[in-house]
Amino acid sequence: MRTILENYGSILLLLLGIILGSIIGLWFPDLVTYIKPLGDIFLNLLFVSIIPLLFFAISSSVANIESENKLGKIIGIMATVFLTTLIIAAAMTILALYFFPVNSNIDPTSIVDNPLENDTSNWGDKMVNFLTVSEFSLLLNRQNILAFVIFSFLVGIASRKAGDSAAAFVAFVRSGNEVMKQLLIIIMTIAPVGLGAYFAFQVKTLGPQLFGFYAKPMALYYIFGTIFFFLFYTLYAYVAKGRQGPKLYWKNNIIPSLTALSTCSSLATMPPNLAAAKKIGIPGPVANVVIPLGNTLYKNGSAISSILKIYVAFSLLGWNFFAWDTLITALGITVLVTIVAGGIPNGGYIGEMLMISVYGLPAEAIPAVMIIGTLVDPLATILNATGDTVAAMLVTRFSKEKFDEPSEDIAQEV
């Protein structure tokens, strides 16, 4: 019981807040007016912390990754494998949503205009507005987060190129990253109250039909995510090592999967992943680069949930999710969120901020997608964590490195 509380305590508290908020929204609607400000405070704290959090997380990560890795060929192939398979996960989720829509009959009075549909600017102007701003001060506006992400990446690259003269700056952004992580942890301690307050507001506004609205996308995520887990990871293992690949992967993926499920932590799953990699026969130079970096940068479960979150937000607002510009933007947001947010506690919430920036979503849509992210976390963690090992198998295959003889003596190494 203590282990369950330690590993799932935050999720259980969030669920408790949601349940209490639902009860208030259904049976004590007059109280919603008094508790909704608590939800507004929570969101505002997230908003004001997101800019410095992104800057320190991105710039320090880029500077440190570039300084610590000399295996250019492996890094390049790893980046290609990560990007390609993440796009596959996102694209397959879009197809699943297209053929198995999970729309609910939300009250039409809740529908608001989609600013993208009213935007008559051409693609060139949209790209300029999405990727850049004309003044530095505009970077600090959360409506321009995408441009700020690019700026932070460039600062990280420039820090590395500056060499020893930038050592103090690199140390500064590294320590700043740790400080902002702790700040986000502090803010998230009030998430059960904030989300509960907003859920009470949503239940009061939309009525009991809101529960059906969440049930359908949740069911799709768990069904589709489970199919994706077994089907695509088997396919990737086969591509990496032929008929022997799936057998070796699944035989040695049991402990990492159970670790991910029991701890709900990708980080806690990294040691079992490294041990499983050796047993599979993945070369040490590949496993020791791909699995630690994949722990932060490569998350199939997050890619699937990111698409689902955007879909849920669009459904809630009555917008068309399947417009081409929306889908292409969703793929871009998914890749950015997966890469950027991996090393940040509760980093999935970065996606909500990017969605606001790019799509112009109203703040009221954020709690809905945050709740989805909370409820899918157990399966998402399994997909995120155990995908690192099969990615390392693919990198071994495409880098033309030779698989080692599978090691059976794994207990001591764990």
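Start by selecting Asp40, which is partly exposed at a relative accessible area of 26% (buried means under 20% relative accessible area, exposed over 50%, partly exposed in between, with a 1.4 Å probe and protein chains only). This is a predicted model, in which local features need pLDDT of at least 70, side-chain atom pairs count only at pLDDT 80 or more, and totals for chains, interfaces and linings use all residues. Residues are numbered from 1 along each chain as its sequence is written, and side-chain values use heavy atoms, with hydrogens and water left out.

Lys36 and Asp40 form a salt bridge, with the closest N and O atoms 3.4 Å apart (a salt bridge is a side-chain nitrogen of Lys or Arg within 4 Å of a carboxyl oxygen of Asp or Glu). The structure holds one salt bridge. Both residues sit in helix α2, four residues apart, about one turn of the helix (helices are DSSP runs of H or I, at least four residues, and strands are runs of E, at least two, numbered from the N terminus). Lys36 has a relative accessible area of 18%, so it is buried.

Stay in helix α2, residues 32-68, and select Ile58. Its relative accessibility is 3%, so Ile58 counts as buried.

Next, select Ser152 in helix α6, residues 145-161. Ser152 is buried, with a relative accessible area of 0%. Beyond its neighbours within four places in sequence, Ser152 is in contact with Leu54, Phe55, Ile58 and Ser59 (contact means heavy atoms within 4.5 Å). Across the protein, 83% of the contacts between residues at least 6 apart in sequence join residues at least 24 apart.

Go to helix α10, residues 244-252, where Gly245, Pro246, Leu248, Tyr249 and Asn252 are buried. Viewed down the axis of α10, these buried residues fall within an arc of 170 degrees, so they line one face of the helix (the arc is that of the directions from the helix axis to the C-beta atoms).

Move on to Lys400, in the segment after α18 (377-398). Lys400 is not a glycine, yet has a positive phi of about 65 degrees. Most residues other than glycine have a negative phi. Lys400 is exposed, at a relative accessible area of 69%.

Then colour by pLDDT (the predictor's confidence in each residue, from 0 to 100). The protein averages 79, and 77% of the residues score at least 70. Among the elements, α10 has the highest mean pLDDT (94) and helix α16, residues 349-359, the lowest (63). Select residues 106-116: pLDDT stays under 50 here, and the model has 22 contacts for them beyond four places in sequence. Residues 409-414 also stay under 50, with six such contacts. Where pLDDT is low, the predicted coordinates should not be read in detail.

Finally, show the whole protein. Its secondary structure comes to 18 helices and zero strands, and buried residues make up 52% of the 414 residues.
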